[in-house]
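Keep the sequence and the 3D view open while reading.

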Amino acid sequence: MNRLVIFGGGITGLLTARYLQDAIVMDSEGRPRNSLASLWNVMPGLCGDLEDQCRESMMEYMKLCDELGVEYKELNLLRVPPRGNKVLSPNETRELEPKLHQESEDLGKVLHVNGEKLLSKLSTKVVKAELKSVELEKNRVTKAVTDIGEVQAEQYVFALGYDRMKLLKSLVDVKPYKGHVIKTPPLGMKNVLLLEDRLGVEGFGYTLLNGDSYPSEEEKIDKGQVEKTLEVFSRYLGLKVNPVEVRVGFRAVSGDGKPVITRLENAIVVTGYRFGWALAPVLAKKVKSMLR
C-alpha cells in the first residue's frame, strides 16, 4: 500500500508532493493543464486579507526557483485607471512603464515565475490516471478508483482544482470559473499591467494576457473574451497585439473566494482559491503540517 497518493497534478498538488517527497501524484492528463493556463504571478496587492500569505508564497517561490534553476523576476503592478490613493501622474507612470501615458496606481511588488519551466521540473514523475470515483464512509475514504485501477493508500490528498466529475461535491462546495490566457511575443512591458479588467505580464521571451474569469464549464475558447483582451492591450500599448496561443483554464472557487482545506480521517481536500497559483506554496505547506 502506498503511504500517500495525491490526486491532481497542478501547482498545489506538485508542491505538496515536493514538500512531502515520498508521495505519488496522479493526474488525468499527466500534466498540469489548469496551472499552465495561468499568468504565473503572485500579486499580494490583489490578495485582499490574504496579502501576508501571498507575500509568504513569493518567498517560497523564489527559494524553490533558486533550487531548481527556474527564472523569476520581481515587478511592479500598475493599474489603469487608478482606483485607490497611490496614484502616479502620467510622467511618473512613464518612468516605470514607457508605453503608458495615463495616470496609474502602484499596487506594489509582484513576482512572476517562468511557470512552464517550473511545472515541467516538478511534474517529471506524475502518473497519468483519471480519478473515476471516490467512496466515503463516515469521515474516511474507503476506495479511490482510477481508469487504471483502484488506488490504495494510507493517506490521500485531493488537489483536483476544477473537479469536473464532481467527485467531492459532498465535501466541498465550489464552482468552476473559466478563464483564458493569451500568449504573445514580447510587447515591451516593464511591469505587470492591470488595464481596466485585463492583466498582462512579460516573462522570459513571451507575454501572457488574461483577466476574464466567470462561472462556466464550457471548454471551448470564447473568442469574444479573447478579442476584448487583445483590444484593451492594443489600445493602451499603441500596437497591434497578435496571439500565438490561447489556453483555457478553470479554477474551483469557493463561495467567499478563499481556500478550502477539508480534513478527513485519512484524506485532505484542498481547493477553492480564485488565485490558485498565488497561494499554492502556503497551501502545500499547510497540507504537509496536517498530514504529520
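Predicted model: local features only at pLDDT ≥ 70, side-chain atom pairs only at ≥ 80, totals over all residues.

Residues are numbered from 1 along each chain as its sequence is written, and side-chain values use heavy atoms, with hydrogens and water left out.

**Strands**

Helices (H or I, at least four residues) and strands (E, at least two) are DSSP runs, numbered from the N terminus. Two strands pair if DSSP finds at least two bridges between them.

Start with strand β1, residues 2–7. Strand β1 pairs with strand β2 (residues 24–27) in the parallel sense, over 3 bridges. F7 has M26 of β2 as its bridge partner.

Now turn to strand β6, residues 104–113.

| Strand | Sense of pairing with β6 | Bridges |
|---|---|---|
| β3 (residues 41–42) | antiparallel | 2 bridges |
| β4 (residues 72–80) | antiparallel | 7 bridges |
| β5 (residues 87–88) | antiparallel | 2 bridges |

Some partners can be named. N41 is bridged to H112 of β6. E74 has L111 of β6 as its partner. V87 stands opposite E105 in β6.

Why is β6 largely enclosed by the rest of the structure? Because 8 of its 10 residues are buried. Buried means under 20% relative accessible area, exposed means over 50%, and partly exposed lies in between (1.4 Å probe, protein chains only).

**Cysteines**

A disulfide is a covalent bond between the sulfur atoms of two cysteines. The rule used here is a pair of cysteine sulfur atoms within 2.5 Å. By this rule the count comes to 1 disulfide. C47 and C54 form it, with their sulfur atoms 2.2 Å apart. The link of C47 and C54 is left-handed, with -90° about the S-S bond. C47 is buried at a relative accessible area of 5%. C54 is buried too, at 0%. C65 is in no disulfide; the nearest cysteine sulfur, that of C54, is 16 Å away. C65 also counts as buried, at 1% relative accessibility.

Contact means heavy atoms within 4.5 Å.

S35 lies in helix α2, residues 33–36. Is S35 buried or exposed? S35 counts as buried, because its relative accessibility is 10%. A polar atom of the S35 side chain lies 2.9 Å from the backbone nitrogen of I11. Leaving aside neighbours within four places in sequence, S35 is in contact with G10, I11, W40, L119 and W277.

S123 is found in the loop between α5 (115–122) and β7. S123 is buried, with a relative accessible area of 15%. The S123 side chain reaches the backbone oxygen of L119 at 2.6 Å. Beyond neighbours within four places in sequence, S123 is in contact with L14 and P32.

Technical notes: Polar contact = N/O pair within 3.5 Å; in protein donor to acceptor, adjacent residues only side chain to side chain.
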